[in-house]
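Let's take a look around this protein together. Keep the 3D view open and follow along.

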Amino acid sequence: MEFDKPVTGGPCWTELGTSDLEGAKRFYAELFGWRPETDPRPEAGGYTVAHLGDAPVAALTPLYQESQPVAWNVSFSVPDADAAVRRVEEAGGAVIVGPMDVFDVGRFAVALDPTGAAFQLWQARTFRGAGLFNAPGTLGWVELATRDTRRAREFYTTVFDWSAQSSEWYTEWALDGAEFGGMADMTDRFPPDVPAHWMPYFAVADVDATAEVADLAGGAVVMPPATVPDGPRIAVLRDPQGAAFGVHLMDPEG
């Protein structure tokens with residue numbers, strides 16, 4: 001992505017909801033070198049922040065509801081979570097959690113876009129989001145997979161004031177000209193029971209080596225390493241608990 005810190009309207013954080021928190025800690029520590037720190041307060045519910053050096057880069061959490069899938073989630077920065085949920089609803093989306101305060105660190109909500117993809121809204125207080133982007137082991141891109149790209153485009157450009165540049169097979173999202181993510185048409189590449197979803201891509205120094213480490217650590221390679229025409233080398237992986245995520249070759253100039 002073409003910015004190196006959280007900006008209003010852009011992705012600011014990513015969280016994994018997992019059925020095995022300790023297993024996820026071990027897997028991502030081996031894969032990305034993350035150092036997980038679990039909040040000891042009972043009311044924090046096992047919320048774990050992963051660090052690279054001193055920078056927070058992602059979170060790992062237990063599943064908080066029976067209906068919650070094992071999956072990565074993407075949060076977008078907003079100046080006012082309550083106003084943002086009103087925009088979501090006016091644009092045809094739905095709010096499924098919140099808005100609610102998280103201690104003194106911020107206010108958040110969980111929403112669904114009109115095509116069924118879940119995402120999170122984050123109003124920062126003492127915590128802005130990831131302290132590092134685009135470096136190995138950190139968030140570098142976010143991607144929406146949906147079966148209704150036209151409706152999704154209308155929704156997100158309305159709610160967040162994103163711009164969208166579409167080609168025959170892909171759409172790139174941008175804020176003030178800075179690209180940060182994309183949108184892919186699910187078509188028949190996905191089983192019919194897979195819902196629309198957001199997925200994070202983490203930057204890595206070597207996509208092929210990272211895919212091999214994931215496989216040896218008990219994960220799986222969903223999409224083998226490949227080079228996108230006029231784009232980076234990427235792969236889609238799955239952790240041992242079943243959560244999918246992408247990796248892409250770090251931009252040497254990023």
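## A pocket and its lining

Start with the second largest pocket: its lining is made up of seven nonpolar, three polar and three charged residues. Keep in mind as you explore that this is a predicted model.

How much space lies in this second largest pocket? About 170 Å³. It has 13 lining residues, and those closest to the centre are Thr 8, Val 78, Pro 79, Arg 87 and Val 159. Helix α2 (residues 81-90) gives the largest share of the lining, with three residues.

## Two helices packed together

Now find helix α1 (residues 21-32) and helix α4 (residues 207-216). They pack with their axes 9 Å apart, at an angle of about 155 degrees. Angles over 145 degrees count as roughly antiparallel, so that is how α1 and α4 lie to each other. The crossing of α1 past α4 is right-handed.

Which residues meet here? From α1 come Phe 27, Glu 30, Leu 31 and Phe 32, and from α4 come Thr 210, Val 213 and Ala 214. Sorted by type, the residues of this contact are five nonpolar, one polar and one charged.

## Around Asn 73

Next, hop over to strand β5 (residues 71-77), where you'll find Asn 73. Setting aside neighbours within four places in sequence, Asn 73 is in contact with Trp 13, Thr 14, Glu 15, Gly 17 and Gln 120.

Asn 73 and Ala 118 are 45 residues apart in sequence, yet 7.5 Å apart in space, going from C-alpha to C-alpha.

Terms used
Residues numbered from 1 in each chain as written. Predicted model: local features only at pLDDT ≥ 70, side-chain atom pairs only at ≥ 80, totals over all residues. Heavy atoms only, no water. Axes fitted to C-alpha atoms, helices over the stretch in contact; angles between N-to-C directions. Helix = DSSP H or I, 4+ residues; strand = E, 2+ residues; numbered from the N terminus. Parallel < 35°, antiparallel > 145°, perpendicular 65-115°, else oblique. Left-handed = near helix turned anticlockwise from the far one by under 90°. Contact = heavy atoms within 4.5 Å. Nonpolar A, V, L, I, M, F, W, Y, C, P; charged D, E, K, R; others polar. 1 Å grid on protein atoms, 1.4 Å probe; cavity = no way out; pocket = protein on both sides within 12 Å on 5 of 7 lines; lining within 4 Å. Points joined across faces, edges and corners; volume = space filled by probe spheres on them.
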